[in-house]
Amino acid sequence: DGEEEFTVMQVLIEGNESGRQVRYTYDIFDRFDKMSGMSSMARTTGFTCAAMVRIWAQKKLQQAGIYPLELLGKQAYITNFTIDFLKKKNIEIKLKRELIG
């Protein structure tokens, strides 16, 4: 309790985009929030869940039932909304796109 921890995560996505091999790198970083007393892990997981509840409340999910992450990631609106939501909560997210082939 009271330890000022941090969360770091990197997501690498590689694939074919318009006939070219590309790599997207998302770097995510967050620190313990002294004002609220919230850990970075609580912030990064909890705010992501809160973003998904808002998407669900807006009826933006395209099918009923359980959504594996592979399906959620294919819907640009969900990805963009979640990233924007986290950035508004001061969670650092940097995106780098590069051609790899």
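Ser40 lies in helix 1. Is Ser40 buried or exposed? Ser40 has a relative accessible area of 0%, so this residue is buried. Leaving out residues up to four places away in sequence, Ser40 touches Glu5, Phe6, Thr7, Asp30, Arg31 and Phe32. Keep this serine in mind as we step back to the whole chain.

The model is predicted. Confidence averages a pLDDT of 91, and 98% of the residues score at least 70. Where is confidence lowest, and where is it highest? The lowest mean, 78, belongs to helix 2 (residues 69-72). The highest, 97, belongs to strand 3.

Now the overall plan. The protein has three helices and three strands. Along the sequence they follow the pattern β-β-α-α-α-β. The C-alpha atoms fill a box of roughly 50 × 35 × 20 Å along the principal axes. There are 101 residues, and 24% of them count as buried. Look also at which parts of the chain meet. Among contacts with a separation of 6 or more, 55% are between residues 24 or more positions apart.

Start with the strands. Strand 1 covers residues 6-17, and strand 2 covers residues 20-31. They pair in the antiparallel sense, over 12 bridges. Gln10 has Asp27 of strand 2 as its bridge partner. Further on, Ile13 stands opposite Tyr24 in strand 2. In a regular strand, side chains alternate between the two faces of the sheet.

What do strand 1 and strand 2 form together? They form a hairpin, with two residues between them. Ser18 sits in the loop between these strands. Its phi is near 55 degrees, a positive value in a residue other than glycine. Most residues other than glycine have a negative phi. Ser18 also counts as exposed, because its relative accessibility is 77%.

Strand 2 has another partner. Which strand do eight bridges join to strand 2? The answer is strand 3, residues 92-99, and the two run antiparallel. Here Val22 has Leu99 of strand 3 as its bridge partner.

Next, return to helix 1. This helix has 18 residues. From its first C-alpha to its last it reaches 25 Å, close to the 26 Å expected at 1.5 Å a residue. Which residues of helix 1 are buried? They are Ser40, Arg43, Thr44, Phe47, Ala51 and Ile55. These residues cover an arc of only 95 degrees around the axis, so they lie on the same side of helix 1. The general rule is simple: an α-helix has 3.6 residues a turn, so residues three or four places apart point the same way.

What does this buried side meet? The buried residues of helix 1 pack against strand 1, strand 2 and helix 3. The face turned away from the buried side carries the exposed residues Val53, Trp56 and Ala57.

After helix 1 comes Lys59, with a positive phi. Lys59 is in the loop between helix 1 and helix 2. Its phi is near 60 degrees, and Lys59 is not a glycine. With a relative accessible area of 72%, Lys59 is exposed.

In soluble globular proteins, nonpolar side chains tend to be buried together. The largest nonpolar core here has 14 residues. Phe47, Phe81, Phe85, Leu86, Ile91 and Ile93 touch the most other members. Strand 2, helix 1 (40-57) and helix 3 (76-88) each supply at least two residues of this core. Which element gives the most to this core? Helix 3 does, with five residues.

Ile91 is then in contact with Ile28, Phe29, Asp30, Arg43, Thr44, Phe47 and Leu86. Phe47 and Leu86 are, like Ile91, among the core residues that touch the most other members.

Notes
Residues are numbered from 1 along each chain as its sequence is written. This is a predicted model: local features need pLDDT of at least 70, side-chain atom pairs count only at pLDDT 80 or more; totals for chains, interfaces and linings use all residues. Side-chain values use heavy atoms; hydrogens and water are left out. Two strands pair if DSSP finds at least two bridges between them. Helices (H or I, at least four residues) and strands (E, at least two) are DSSP runs, numbered from the N terminus. pLDDT is the predictor's confidence in each residue, from 0 to 100. A nonpolar core is a set of buried Ala, Val, Leu, Ile, Met, Phe, Trp, Tyr and Cys residues joined through side-chain atoms within 4.5 Å. Buried means under 20% relative accessible area, exposed over 50%, partly exposed in between (1.4 Å probe, protein chains only). Contact means heavy atoms within 4.5 Å. The expected span of a helix is 1.5 Å times one less than its number of residues. The arc is that of the directions from the helix axis to the C-beta atoms.
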